[in-house]
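The stops below are given in the order in which they may be selected.

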Amino acid sequence: MRPSKTDLEAPTGRPAGRQRALIQVLQDIQDRFHWLPPEALGHVAEALGVPLAQVYGVATFYRSFSLSPRGRHICTVCLGTACHVRGGGAVLESFERRLGIAAGRTSSDGAYTLEKVNCLGACALAPLAVVDGRYHGQMTEAKVEAVLAAVKKNGAA
Ligand code: FES
């Protein structure tokens, strides 16, 4: 008999030990490969003794996990209202042009993934982009070039 999701939750509603272990293992895989390959998820389910459906449930619940390959560098451009009215669209186009990929895509060399989101909660910095977790406010096309140049110089893109 396999445990159900309820079996893995502590009475407080917080994840029990096995659930926490599952999240941590998935985070480790995500950090190493920049995504969660299907074969890895099967191994995790077997090793932790949890249903594969539960592994996928966790993998799809958290936004930090990806079920498709992502680049070594993640570029996120905000197109929420504040960013949109202050030129977020032009910033996104600049990233697309310089990286040679459309939003939602990963470059063929696996270096970059370009994403667009609706509000990162820092509207005062609009238009805003986040590159490898670092916030860049009041973005302009010139700043896009500078940010990507710094990534290439420092990040071995
Ligand atoms: S709309 Fe871009 S951070 Fe809020």
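This is a predicted model: local features need pLDDT of at least 70, side-chain atom pairs count only at pLDDT 80 or more; totals for chains, interfaces and linings use all residues.

Residues are numbered from 1 along each chain as its sequence is written.

**Whole chain.** Colour by secondary structure: the chain has 7 helices and 4 strands (DSSP runs, H or I of at least four residues for helices and E of at least two for strands, numbered from the N terminus). Their order from the N terminus is α-α-α-α-β-α-α-β-β-β-α.

**Helix pair.** Select H3 (residues 38–48) and H4 (residues 52–61), whose axes come within 9 Å and cross at roughly 120° (axes are lines fitted to C-alpha atoms over the stretch in contact, with angles from 0 to 180 degrees between N-to-C directions). Leu41, Gly42, Val44 and Ala45 of H3 meet Leu52, Val55, Tyr56 and Ala59 of H4 (contact: C-beta atoms, placed from the backbone, within 7 Å).

**Largest nonpolar core.** Next select Cys75, Val77, Val91, Phe95, Leu128 and Ala129, which touch the most other members of this 17-residue core (buried Ala, Val, Leu, Ile, Met, Phe, Trp, Tyr and Cys residues joined through C-beta atoms within 7 Å; buried means 20 or more other C-beta atoms within 10 Å of the residue's own). H6 gives the most to this core, with 4 residues.

**Second core.** Finally, select Leu22, Leu26, Val44 and Val50, which are among the 8 residues of a second, separate core.

Conventions. Two residues are in contact if their C-beta atoms, placed from the backbone, lie within 7 Å. A residue is buried if 20 or more other C-beta atoms lie within 10 Å of its own, exposed if 12 or fewer, and partly exposed in between; C-beta atoms are placed from the backbone.
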